[in-house]
Every structure is written in C-alpha cells, then in structure tokens.
Amino acid sequence: MCGIAGIFHPGVPKPVDPSRVRAMADVQAHRGPDGSGVWTAPGVGFGHRRLAIIDLEGGAQPMLTPDEKIAVTYNGEIYNFRDVRRDLERSGHVFQTDCDTEVILAGWRQWGPACLTRFHGMFAFALYDADRGALFLARDRLGVKPLHYAELSDGALIFASELKGLLAHPLLRRAPSPQAIEDFLALGYVPDDACALAGVRKLPAGHCLLIQRGKGVPEPFAWWDVHFGKPARGSTERLGEELVGHMREAVRSRMVADVPLGAFLSGGVDSSAVVAFMAEASRKAVETCSIGFGQADLDETRYAALVAERFATHHRTRIVAADDFELIETLANAFDEPFADASALATYRVCELARETVTVALSGDGADEAFAGYRRYRMFAAEERVRSIIPERARTAIGRIGSLYPKLDWAPQFLRAKTTLQALGAGSGEAYARAVGVTPPEIRHRFYSPDFRAALQGHRAEDRYIRTMASAPADDALSRAQYADLKIWLPGDILTKVDRTSMAVSLEAREPLLDHRLIEFAAKLPVRQRLRGGTGKWLMKKSLEGFLPDEILYRRKMGFVTPISAWFRGPLAEQAAAVANSPAFAQLGWFDPGAIAKIAADHRAGKAEHGRLLWQLLMLDRSLQRLFGLGEASSYDASTKYNPSGGALKPRAARSRA
C-alpha cells in the first residue's frame, strides 16, 4: 500500500519541479513510510511513498520500463500478478523484479487500457506513456483505493491518493463546494462524485482516464460494472458450494505478502468467515485482533474470542473506553474532507492494534452490500411490497400523514411511525435514499441560510440515489438498492473509512469479500438467496454452517457502535452547545446559528434525537478549519463569508446577533 502523487501538463510540456512533486508525495508519508521516490520528464512528474509488502528490495517506485518510455506510480496490490506475469512472459516480456508494479508496465505495453481487465485486486495508479504522449489514471473496480485530481490555473493536472496531496500544491484553489456540504449533511460523508473542495474530482470506482497531450482533459470512462440481471439457476446446495469456493479463493489470494499478515476479527459473520478460510490456508496460527468497549451492550469481544478459540488463532483484544472521543482531531486530519461515520473511531483503534504486530490485515467489509446483509434492506423490501399494493393516491395521503406525524424519538418503538409513513408515501428511490441517509431534508433545511439555499442551485443529495437506482442494471427494487450502495455508499463511506484509518497507521487493509468475482456471483443470485424470511445474507450464512456456529451466524448484527448521542448529553455537551457559534460556520454564512443552537438544546434536554447530526456538525467544523482556515483569525478576518457566485472569501459588514 502506498501514496502516489503527480503533475501532468496536457498542453505544452512545461518543466515540472521535482521538489513540488516530492512535497505532494511526502505529505502522504503515513501511507508509505518505507521509501520514497520522484521521477520527472518534460511535462510530467510522479511521486511515490512506499509501504513495502511484496519484493521488499526490488519494488521501488516510480518504476520505468528498461527503455524509459513508460513510467508508473502505483498504490495497491494486484493479487493475480504472477498469473498475469506468466501470460506476459509467454508473449516475450522479460522481468527484472518479483513485484506487481512491473506487471502493470508490461501489461500496458501489451494490452493498453484493456490491461485493467486482467488485474484482480485493489489499485489506483498513474502511468505515463512517452510514445503516446499520454497520462493514464485508473482505479480498481469497487473503489478500494482512492485517487483525487484537479486542473490548475497554469493548465496542469495534478493527482494524489489523498486530498492533502493536492493541497500541497500552491496553485490549488481552495473554495468550499456547497453541493458537497449538502451531500455530507445528508449522508454523513462526501460521495465519490463530489468533493469538499470545489474543482477537485475523485476518479470513480471502476473508471479510468486517458489524457493525451494537446487534447485536453476528457471525462473518465467506466471499464467495469456489475449487473444484477439474469439470476443464476441451481439448487441451494450447488450455489452454496460455488459461493464457498469464491470466498476461499478470494481469501487465499489475499494472503500473499512478504511481511507479517493477520486479520480483524469482530466476531461477526463476515470477519469470522475470513478468519475461517485464513486458518484453513495457513500453516501457522493466524494473527487476529479485536477491540471491545467498556460498555457491555456495545461489546462483541466474547464472540470474537469464540471464533479465535475455534480456529486457534493468536488473538489479541484491547478494551477502549466508550467515551473514546479524543481521536476527533486525528480523524479530521486523516480524512481531510468531513466524515461523520462515528465507527471510524473504533476502526482507527483496531487498525492501531493490528499494526503493532502485522503490516497487512484482512477485513470482512463488502459482504453486507453484496449479499443484502443490512437491516435497511429488509425494511426496504418489506416497504416495497406494501407500496406495490397501495394505490398512488393513497400513498400520497400516507406521505402527507407522515410529514405531519411527530418525530417521537423518546417513545416506544411501535409509536415511532413517522419514518415508515414517509417511506410508504414516497417512491422507491426517495424512500431508500432516506433510509441510507443520516439527516433528512426537513431537518437539515431548518438551519440552512438563504445564501446556502441559493448556492445549492437546486442540488439535493437524495437525487443521486434516485438517479442511480432508476438506471441500475437490475430487475427488482432490492437489487437496485444494492447496486446504488455499491456505487455510492461503499466507496464513499465504508472503503474511505477503512483506507484512511488503516493508512493513518501505515497498515495495509485487504477486503477479500470485495473480490470482483464474488461480487459478480452475488449479483446473479436470486433475491431469495440473498434475503429470505427476514434473514439477510441468507445463502452466505447457510453455506457457512459447516464452518461457523449458529451463535455467530444468526445473532443480531452489531457492528462498531459508538455512543455519540450519550456523549452530546454528557462529556461533549459543551461541544454541542458551542458548535452553533462555530467561527467557521459564521464565516461561511451558510447556517442559521439560532436553529443549530435549538437542535443542540433539544438533544441535550432529551426532547429530540440529534446525536448523529451534532457529530456531523462537529466534524464539518473541524474539516472547514483544516481545509480552508475558516475560523482562524490568523488566516481570515472573522467578518468574512463565502461568496457562492465567485467562490472567494470576501469581507462583509459585521452584523449584530441581538
């Protein structure tokens, strides 16, 4: 795992300053503490920070072909590189190293952009071909590895693994994107088709970008997609055997490393399955680790210990306090953009624990999206069945009732009908967008200022889900929802969380359950093999009964639960009150401080449940400070605000808050 950065001039091949490239790479040193390199040629420069995993002596980057016509800087792992290498050797290619980086160079020379279809793995790379005068950027199928890019005022295109790499370039324009802030407040993260910095883009998962000198910067094009149509046929037994075969191969292929390797073990189905197949393939005890919480109802360590004992792993557990919120600043720095999935706190801690003994850790991420494991899928499928039998006029009436029904967060479960009524009254896309979101429009609009509403220019975060589901290559509502999650939620939240927290401590995280062949297999399963009788991941659990006990397979899903609501009524109560008067928010002029103050007061008093929203606002405040210097007297005068039409920070007359 590594950090990459670079500069390319698509027009005139202007000289590239090596020190500037180095600065862009070195700010990502946490991604690659084992080595660094810079290469430049007329009009192009690549930088690299290396976390050495395979061929420790021979894999230095940026790497060039022997004739120096092709150069690459690369982040990730290609798990089948030895198979691809053998194919290339049969075509006459000669290799000098035993690393996967050299396979990318030879693969490009042999197949051009089509080389991507040969690679099984997680990756983001930049390749320069002198004969073509072209820069090629590529990202893996599911978006495990990140890649940001932007065009500068001098005509250059810059790229980096993390946003902080771009920020190291002095010509990058720093202006906040109101659309991305709306997305963050709705979803809890900034999705891959947006960025908190206006003008910065993220290469989408499964996409690549070919920029030829003299032809400008085109739009990225998709080189992979997943299709949910044409369900596979076969008995449950046969499909289960095929599923186990895919999982076994996915795990085995990700155990190739020249450094210590282990696994995260939460005691849930997915991480337990990964450990089961690792133990089957390993000659020695698998290194596993888990974290627990001092609060019993949030702790899963006994389940992790049960699995560790079953497979005789070398298991380590660490208990962290339930009020472990001292990582707020660390996370704000690691993510750059605002990120409010509070499970990042626990993910960081388990990565920290794993890094004490291993350099690579396998995780169980991805199965919930592929096999319909989330509770929201069960709820959505049930609501969809009801929606299908209710006339449209009646649904409209139900939706109106839902909008009027009070939000009774304090009441017993059976009285909390507002969300269900609203969902039944909405279309499938709107209902699912609300289900997967954090803060619904009617709540967040309470504190939007007129300036912010104008700056949004009609943009609404939920529309992204509606569009994606409407165009999904799927024949049923559940599959459309899963497809949207694979395209939006997975790369934007889950994979961003794992990448930034693991890389912050120089740990490579690998996700075997996101092997694209396993994802493609899951997409072709009939709906009843994914979700049956209220049980998500039905076939997966059924096929694992010979590997894991029912106590693991069929217990209630927990995940990393963080008690943020309690924090904002206890140790972070003052932070909740203070966020309304955030200097960064005041400087933007996008939010109504009085409305935010009421949200905080209602939460502290127990009148409403706004814990996740307050966490969002807190993380947004920290991100705005870091990205734009907002709220810092040394950077900007406190009487300035963002001008949505021009994007610059301009002074305004001071206003009384009386």
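Modeller: In this predicted model, helix 10 passes helix 19 in a right-handed crossing.

Biologist: At what angle do helix 10 and helix 19 pack, and how far apart are their axes?

Modeller: Helix 10, residues 344-355, packs against helix 19, residues 477-504, at about 40°. Their axes lie 8 Å apart. Angles under 35 degrees count as roughly parallel and those from 65 to 115 as roughly perpendicular, so helix 10 is oblique to helix 19.

Biologist: Which residues make the contact between helix 10 and helix 19?

Modeller: Helix 10 contributes Ala-344, Thr-347, Tyr-348 and Cys-351, while helix 19 contributes Lys-497, Thr-501, Ser-502 and Ala-504. Sorted by class, this contact has four nonpolar residues, three polar and one charged.

Biologist: Let us turn to another pair. Is the crossing of helix 27 and helix 28 left-handed or right-handed?

Modeller: Helix 27 and helix 28 cross in a left-handed manner. Helix 27 spans residues 593-604 and helix 28 spans residues 611-628; their axes come within 10 Å and cross at roughly 135°.

Biologist: Why is helix 27 described as oblique to helix 28?

Modeller: Only angles over 145 degrees count as roughly antiparallel, and 65 to 115 is the roughly perpendicular range. The crossing at roughly 135° therefore makes helix 27 oblique to helix 28.

Biologist: Which residues of helix 27 and helix 28 meet?

Modeller: Ile-596, Ile-599, Ala-600 and His-603 of helix 27 meet Gly-611, Leu-613, Leu-614 and Leu-617 of helix 28. By class, six are nonpolar, two are polar and none is charged.

Methods:
Residues numbered from 1 in each chain as written. Predicted model: local features only at pLDDT ≥ 70, side-chain atom pairs only at ≥ 80, totals over all residues. Heavy atoms only, no water. Axes fitted to C-alpha atoms, helices over the stretch in contact; angles between N-to-C directions. Helix = DSSP H or I, 4+ residues; strand = E, 2+ residues; numbered from the N terminus. Left-handed = near helix turned anticlockwise from the far one by under 90°. Contact = heavy atoms within 4.5 Å. Nonpolar A, V, L, I, M, F, W, Y, C, P; charged D, E, K, R; others polar.
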